Amino acid sequence: SDTYCFRSEQVDAMRQRCRQQPELHWMHPLLATLAMTGIRIGEAQGLRWTDVDLEAGVLHVADERASTRKRKLHNVRTTKGKRGRTIPLHPELIEVLKEAPRHVDGYLFHGPRGGRIKQDTARTILLRDVIRPLADRFP
């Protein structure tokens with residue numbers, strides 16, 4: 001594959017930047033989850049706290065396209081491979097998720113203003129406010 005994979009020191013620098021910048025605190029749990037699980041941002045967007053089992057140390061990524069009820073509600077979560085999967089959680093990610101704020105809607109990640117996260121918004125902010133400012137350190 002020609003897809004670029006960030007090195008661990010690059011990911012660490014991005015996470016550090018999110019922790020240091022108050023306006024980027026919301027992105028740290030999302031970035032840590034993407035980096036430590038390999039899930040896609042669209043899959044992360046739909047994660048709910050019920051998908052996370054911190055005690056067992058696993059994350060359930062659901063594909064709900066077979067659910068008639070979910071399709072009627074237009075609330076279907078899908079995966080690229082059309083199959084749900086269970087992913088083991090890195091111990092460091094478990095600690096990050098334990099500290100993450102919980103919202104009444106049950107979703108794991110929220111955007112900069114507290115609303116549901118949008119893929120394009122998260123990607124744009126990640127590039128503009130996290131990756132590009134660090135570009136001189138990691139050419």
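This is a short exchange on a predicted model and the terms used to describe it.

Me: What makes a feature of this predicted model count?
Reply: Local features need pLDDT of at least 70, side-chain atom pairs count only at pLDDT 80 or more, and totals for chains, interfaces and linings use all residues. Residues are numbered from 1 along each chain as its sequence is written, and side-chain values use heavy atoms, with hydrogens and water left out.

Me: How do you know where confidence is lowest and where it is highest in the protein?
Reply: By pLDDT, the predictor's confidence in each residue, from 0 to 100. Helix α4 (residues 68–72) has the lowest confidence, with a mean of 55. Helix α5 (residues 91–99) has the highest, at 96. The protein as a whole has a mean pLDDT of 86, and 85% of its residues reach 70 or more.

Me: How many helices and strands does the protein have, and what makes a run a helix or a strand?
Reply: Both are DSSP runs, numbered from the N terminus: helices are H or I with at least four residues, strands are E with at least two. The protein has six helices and three strands. Their order from the N terminus is α-α-α-β-β-α-β-α-α.

Me: Why is histidine 28 called buried?
Reply: Buried means under 20% relative accessible area, exposed means over 50%, and partly exposed lies in between (1.4 Å probe, protein chains only). Histidine 28 has a relative accessible area of 9%, so histidine 28 is buried. Its place is in helix α2.

Me: Which residues is histidine 28 in contact with, leaving aside its neighbours within four places in sequence?
Reply: Contact means heavy atoms within 4.5 Å. With those neighbours set aside, histidine 28 touches Arg15, Cys18, Arg19 and Val96.

Me: Why is glutamate 99 called exposed?
Reply: Its relative accessibility is 68%, so glutamate 99 counts as exposed. This residue lies in helix α5.

Me: Is glutamate 95 buried, exposed or partly exposed, and why?
Reply: Glutamate 95 has a relative accessible area of 42%, so it is partly exposed. Glutamate 95 is also in helix α5.

Me: Which residues of α6 are buried, and what do they pack against?
Reply: Ala122, Ile125, Leu126 and Val130 are buried in α6. The buried residues of α6 pack against α1, α2 and α3 (41–45). Over the protein, 40% of the 139 residues count as buried.

Me: What share of the contacts with a separation of 6 or more comes from residues 24 or more positions apart?
Reply: Such residues account for 62% of those contacts in the protein.

Me: How do you know where empty space is left?
Reply: Rolling a probe the size of a water molecule over the atoms shows it. The grid has a 1 Å spacing and covers the protein atoms alone. A cavity is a set of points where a 1.4 Å probe fits but cannot get out. A pocket is an open set with protein on both sides within 12 Å along at least five of seven lines. Lining residues have an atom within 4 Å of a point. Grid points are joined across faces, edges and corners, and a volume is the space filled by probe spheres set on the points.

Me: How many cavities of 30 Å³ or more does the count give?
Reply: The count is one. The largest cavity has a volume of about 30 Å³. Its lining consists of Met27, Leu30, Leu31, Leu34, Ile41, Ala122, Arg123 and Leu126. Two or more of these residues come from each of α2 (27–37) and α6 (119–131). α2 gives the most, with four residues.

Me: What makes a lining residue nonpolar, polar or charged?
Reply: Ala, Val, Leu, Ile, Met, Phe, Trp, Tyr, Cys and Pro count as nonpolar; Asp, Glu, Lys and Arg as charged; the others, Gly among them, as polar. The lining of the largest cavity then has seven nonpolar, no polar and one charged residues.

Me: What lines the largest pocket?
Reply: The lining has 17 residues, and Tyr4, Phe6, Leu34, Ala35 and Ile39 lie nearest the centre. The space in this pocket is about 610 Å³. By class, its lining has 13 nonpolar, two polar and two charged residues. α6 gives the most, with four residues.
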